[in-house]
Amino acid sequence: MKIAVLMGGTSAEREVSLASGSGIVKALRERGHEVYTVDTARGFIPPEQEGDLLPGGVKSAPPAEMENALPLLQLGQVEQLRAAEIAFLALHGGEGEDGTIQAYLQLLGIKYTGSGPLGSGIAMDKDVTKRLLRDSQVPTLPWRVARAPGFVYDPDTIEDLVGIPCVVKPSREGSSVGLHVVKDRDQLEAAVKDASQYDTEVMIERYAKGRELTVGILGDQALPPVEIRPKKGIYDYESKYTPGMTEYLCPAPLDEEVVAQMQAYALRAFKVLKLRGYARIDFILAQEQLWCLEANTLPGMTGTSLFPKAAAAVGISYPELCERIAQSALG
């Protein structure tokens, strides 16, 4: 197949996306496909320049905002994208994961991997996601949202209904960008202010201390859960993308009943959020209670990413996983 791998973009997760995309390009070429690298912020990247996309790897902090990016409407003029049978989306955050590029590709008549515009938009918005999870009896932690322009919230309400400590994060961002664990009320204002740099909505969510877990969904199959054990206690951007800072256990050492329940919740979330193809559903197990945190419609595919680890646990190699995801775009 002729496959255009879309990566990069302008979100705070640009470097992670480039790492995912570079791995996917290599894997699909190993499987014999004709693969084009397309940075949605720069256009087609010739093979001889691909090594310059991320020379230093993913840094321990998100990159600065990108300037002079290619306007989205010009993406459709990229010859290699128009010639491809499939667009493999290796994008994370921003326009790449919120449904915008998905809708644009549909208008262009180009098949693509992952969820459609509606599912992508729903899952990107943590507030909407949690409302749908709650209504479908998938347990999710109590939360409130502070919105632009003033990001107003009532500290008393937060303390009474959400609780302290709590987690503050942008409502529509990924890779733990702008995430803070607020341990006392005095830290709340600064955390909301920092998270507001990344989105017009900031989520304030109850903090639950427990085991961090995730379940990958591939087609209609729930993969074995992965347990995440960050060495500094919080699974933030640095812990995710710095080798050696987090321990991963797959399959996670859990009772069969807990695994079955979590996989059932993950499949239910996948359905109610209107996702397709593949996704990753995140959980925390606190005092024997499972809580669903969020859904990732375009899971990371880097060397430290969770989705490939889960697939490997059931005998699906990284190149095979990439090919299966690509083929799923054909319907």
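# A guided tour of the model

Begin at the second largest pocket, where the residues of the lining divide into six nonpolar, four polar and four charged. In this classification Ala, Val, Leu, Ile, Met, Phe, Trp, Tyr, Cys and Pro are nonpolar, Asp, Glu, Lys and Arg are charged, and the others, Gly among them, are polar.

The model is predicted, so local features require pLDDT of at least 70 and side-chain atom pairs pLDDT 80 or more, whereas totals for chains, interfaces and linings use all residues. Residues are numbered from 1 along each chain as its sequence is written, and side-chain values use heavy atoms, with hydrogens and water left out.

**The second largest pocket**

Select S11, A12, E173, Q197 and Y198, which lie nearest the centre of this pocket among its 14 lining residues. The volume of the second largest pocket is about 310 Å³. A pocket here is an open set of points on a 1 Å grid over the protein atoms alone, where a 1.4 Å probe fits, with protein on both sides within 12 Å along at least five of seven lines; lining residues have an atom within 4 Å of a point. Grid points are joined across faces, edges and corners, and the volume is the space filled by probe spheres set on the points.

**The nonpolar cores**

Next, select V5, L6, L28, L81, F88, L89 and L105: of the 48 residues in the largest nonpolar core, these touch the most other members. Such a core joins buried Ala, Val, Leu, Ile, Met, Phe, Trp, Tyr and Cys residues through side-chain atoms within 4.5 Å. Buried denotes under 20% relative accessible area, exposed over 50%, and partly exposed the range in between (1.4 Å probe, protein chains only).

Centre on L89. Beyond its neighbours within four places in sequence, L89 is in contact (heavy atoms within 4.5 Å) with L6, I101, Q102, L105, Y112, T113, Y278 and L298. Another core, of 25 residues, lies apart from the largest one and includes A123, A222, A269 and A295.

Helices (H or I, at least four residues) and strands (E, at least two) are DSSP runs numbered from the N terminus. Move to M262 in helix α11, residues 256-272. M262 counts as buried because its relative accessibility is 0%. Setting aside residues within four places in sequence, its contacts are L213, V215, P225, L254, F283 and L290.

In α12, the buried residues are L306, F307, P308, A310 and A311. They pack against β10, β12 (226-230), β13, β14 and α13.

Helix α13 (residues 318-328) has P319, L321, C322, E323, I325 and A326 buried. Their packing partners are β1 (2-7), α1 (14-30), β4 (86-89), β10 (211-218), β14 (278-286) and α12 (306-313).

**The cysteines**

Now display the cysteine sulfurs. A disulfide, defined as a pair of cysteine sulfur atoms within 2.5 Å, is found zero times in the whole structure. C166 has its closest cysteine sulfur in C292, 19 Å away, which is too far for a bond. C322 is likewise in no disulfide, the nearest cysteine sulfur being that of C250 at 16 Å. C166 counts as buried, at 0% relative accessibility, and C322 also counts as buried, at 0%.

**Backbone geometry in the loops**

Most residues other than glycine have a negative phi, and most peptide bonds are trans. Select A148 and P149, whose peptide bond is cis, with omega near 10 degrees. P149 is in the loop between β6 (143-147) and α8 (155-162). F151 is also in the loop between β6 and α8, and its phi is positive, near 50 degrees. With a relative accessible area of 16%, F151 is buried.

A cis bond also runs from C250 to P251, with omega near -5 degrees; P251 lies in the loop between β13 (246-249) and α11. In the loop between α11 and β14, select K274, where phi is positive, near 65 degrees.

**An exposed stop**

Finish at N68, in the loop between β3 (43-45) and α2 (72-75). N68 counts as exposed, at 73% relative accessibility. Not counting residues up to four places away in sequence, N68 touches A41 and R42.
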